[in-house]
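Please keep the sequence and the 3D view at hand while reading.

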Amino acid sequence: YNELCVKLKETQLQIDRYSLEKAEVIGMTTTGASKYQHIIHLVKPKIVIVEEAAELLEAHIVSALNAGTQHLILIGDHKQLRPKPNEYDLAKKHNLHISLFERLIQNGLPHATLLIQHRMRPQIARLVCPHIYETLINHESVLVYDNIKGFSKNMYFFDHDHEEESNESIMSYSNEYEACFIP
């Protein structure tokens with residue numbers, strides 16, 4: 001039984017390797033890259049693209065690299081969400097809360113920053129410019145958003161003292177009080 005299990009695993013590895021070697025693009029999360037690192041090292045992709053790089057710990061990016069990597073492209077926004085290490089004191093002591101992406105930019109690595117935003121209503125964009133972004137231009141598409149139905153304004157701030165609840169199993173937070181506002 002054990003010998004058959006080993007042979008099955010080896011056969012599956014060869015099938016996966018063959019499939020990946022024939023692929024023009026291989027997509028996976030950094031967790032997947034870490035899990036399947038043995039296959040990545042066999043396939044040796046030359047170009048590695050990492051999305052949301054500003055939110056990832058350096059170790060997660062390194063796990064996606066291999067001996068064949070010639071070009072690493074990091075995509076993200078170093079002015080928004082940072083990595084979330086599990087151990088706060090360790091993160092502060094060793095600067096783990098600063099991503100490789102942000103560290104490279106802080107050290108003068110050439111980079112390109114998008115200047116036109118396509119998502120936020122202009123009212124929200126005004127809150128982040130110039131405090132977070134020196135320049136941020138609203139694309140014409142955000143100027144024609146429909147008004148939010150049932151409200152007299154498209155943006156509100158309200159204050160309350162109902163705390164968020166932590167869900168450790170999915171490392172997330174929720175606030176049922178705020179959720180009750182959504183029809």
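The model is a predicted one.

## The second largest pocket

The volume of this pocket is about 600 Å³. Its lining counts 22 residues. Nearest the centre are Ile26, Gly27, Ile47, Val48 and Ile49. Helix 1 (2-22), helix 2 (30-35), helix 3 (37-43) and strand 1 (47-50) each give two or more residues to this lining. By class, the lining holds 15 nonpolar, three polar and four charged residues.

Lys44 sits in the loop that joins helix 3 to strand 1. Its phi is positive, at about 55°, although Lys44 is not a glycine. Is Lys44 buried, partly exposed or exposed? With a relative accessible area of 42%, Lys44 is partly exposed, because that class runs between 20% and 50%.

## The largest pocket

The largest pocket has a volume of about 1100 Å³. Its lining is made up of 31 residues. Ile75, Gly76, Asp77, Gln80 and Leu114 are the ones nearest the centre. Strand 2 (71-74), helix 6 (100-106) and strand 3 (116-117) each supply at least two lining residues. Helix 6 has the largest share, with three residues. The lining divides into 18 nonpolar, seven polar and six charged residues.

His111 belongs to the loop between helix 6 and strand 3. Its relative accessible area is 45%, so His111 counts as partly exposed. His78 is 33 residues away from His111 along the chain, and their C-alpha atoms are 11 Å apart.

## The enclosed cavity

How many cavities of 30 Å³ or more does a search of the whole structure find? The search finds one. The largest cavity has a volume of about 40 Å³. Its lining consists of Leu56, Leu57, Glu58, Pro83, Asn95, Leu96, Ile98, Ser99 and Arg103. Five of these residues are nonpolar, two are polar and two are charged.

Pro83 lies in the loop between strand 2 and helix 5 (88-94). Is Pro83 buried or exposed? Its relative accessibility is 5%, so Pro83 counts as buried; the cut-off for buried is under 20%. Beyond its neighbours within four places in sequence, Pro83 touches Ala54, Glu55, Leu56, Leu57, Leu96, His97, Ile98 and Ser99. Leu104 is 21 residues from Pro83 in sequence, and their C-alpha atoms are 15 Å apart.

Asn95 is placed in the loop between helix 5 and helix 6. Asn95 has a positive phi of about 55° and is not a glycine. A relative accessible area of 34% makes Asn95 partly exposed.

## Volumes side by side

| Space | Volume |
|---|---|
| Largest pocket | about 1100 Å³ |
| Second largest pocket | about 600 Å³ |
| Largest cavity | about 40 Å³ |

## A cis peptide bond

Which peptide bond is cis, with omega near 10°? The bond is the one from Cys129 to Pro130. Pro130 is in the loop between helix 7 (122-128) and strand 4 (137-138).

## The chain as a whole

The protein chain has eight helices and six strands. Starting at the N terminus, their order is α-α-α-β-α-β-α-α-β-α-β-β-β-α.

What radius of gyration does the protein chain have? The value is 22 Å, whereas a compact globule of 183 residues would have one near 16 Å. The C-alpha trace spans about 70 × 40 × 40 Å along its principal axes.

Of the 183 residues, 20% count as buried. The accessible surface comes to about 14700 Å². Carbon and sulfur atoms account for 56% of that surface. Now take the contacts between residues at least 6 apart in sequence: 47% of them join residues at least 24 apart.

Definitions and conventions. Residues are numbered from 1 along each chain as its sequence is written. This is a predicted model: local features need pLDDT of at least 70, side-chain atom pairs count only at pLDDT 80 or more; totals for chains, interfaces and linings use all residues. Side-chain values use heavy atoms; hydrogens and water are left out. On a 1 Å grid over the protein atoms alone, a cavity is a set of points where a 1.4 Å probe fits but cannot get out, and a pocket is an open set with protein on both sides within 12 Å along at least five of seven lines; lining residues have an atom within 4 Å of a point. Grid points are joined across faces, edges and corners, and a volume is the space filled by probe spheres set on the points. Helices (H or I, at least four residues) and strands (E, at least two) are DSSP runs, numbered from the N terminus. Ala, Val, Leu, Ile, Met, Phe, Trp, Tyr, Cys and Pro count as nonpolar, Asp, Glu, Lys and Arg as charged, and the others, Gly among them, as polar. The radius of gyration is taken over C-alpha atoms; the globule rule is 2.2 Å times the number of residues to the power 0.38. Buried means under 20% relative accessible area, exposed over 50%, partly exposed in between (1.4 Å probe, protein chains only). Contact means heavy atoms within 4.5 Å. Accessible areas come from the Shrake-Rupley method with a 1.4 Å probe; for residues, only the protein chains shown count as cover.
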